[in-house]
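Subject: Structure handover

Dear colleague,

Please find the structure below, followed by my notes on what turned up in it. I have kept to computed features and given the cut-offs along the way.

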Amino acid sequence: MKGVVAVEGTLTPVAEVLRRQGYEVIDTEGDLTRAQAVVVSGTDDNFLGRQDIVVPGPVINAEGRTAEEIVRSVIEKIGRQS
């Protein structure tokens, strides 16, 4: 496994590409402390309506981007953390 990425539920194509690339994909509704990156749709400025979220890695906005572009961003961001 290459890493753990939380992906918002509406972004199924992104989750599928990440899984094919060898990443573990978890839902953004769960425990985000394991996530090395979080991918959100970008349609809501208030992330999931919660203000108490602490994310250990980068939050990647998927708005207006293809699944492949988003996955490239995830790979770049997680690679920098290693």
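Strand β1 (residues 4-7) pairs with β3 in the parallel sense over three bridges, where strands are DSSP runs of E with at least two residues, helices are DSSP runs of H or I with at least four residues, and both are numbered from the N terminus; two strands pair if DSSP finds at least two bridges between them. Within this pairing, V7 stands opposite V39 in β3, and the bridge partner of V5 in β3 is A37.

Before going further, please note that this is a predicted model, in which local features need pLDDT of at least 70 and side-chain atom pairs count only at pLDDT 80 or more, while totals for chains, interfaces and linings use all residues. Residues are numbered from 1 along each chain as its sequence is written, and side-chain values use heavy atoms, with hydrogens and water left out.

On its other pairings, β3 is joined by three bridges to strand β4 (residues 59-61), the two running parallel, and V39 has I60 as its bridge partner in β4. Both faces of β3 are covered, since A37 and V39 on one side and V38 and V40 on the other are all buried; here buried means under 20% relative accessible area, exposed means over 50%, and partly exposed lies in between, with a 1.4 Å probe and protein chains only.

Strand β1 is likewise covered on both faces, with V4 and A6 on one side and V5 and V7 on the other all buried. Four bridges join β1 to β2, and these strands run parallel, with V7 standing opposite D27 in β2. The chain crosses from β1 through helix α1 (residues 12-20) to β2 in a right-handed β-α-β crossover, meaning that, with the strands pointing away from the viewer, the path from the first strand over the helix to the second runs clockwise.

The structure holds one salt bridge, defined as a side-chain nitrogen of Lys or Arg within 4 Å of a carboxyl oxygen of Asp or Glu. It is formed by R34 with E24, whose closest N and O atoms are 2.8 Å apart. R34 lies in the loop between β2 (24-27) and β3 (37-40) and E24 in strand β2, so the pair ties together parts that are ten residues apart in sequence. R34 is partly exposed at a relative accessible area of 44%, and E24 is partly exposed at 27%.

The loop between β2 and β3 also contains Q36, which counts as partly exposed at 26% relative accessibility. The C-alpha atoms of Q36 and P56 are separated by 6.5 Å, although these residues are 20 residues apart along the chain.

As for the protein chain overall, there are two helices and four strands, and from the N terminus on the elements run β-α-β-β-β-α. Buried residues make up 40% of its 82 residues. Of the contacts with a separation of 6 or more, 37% come from residues 24 or more positions apart, a contact being heavy atoms within 4.5 Å.

Best regards
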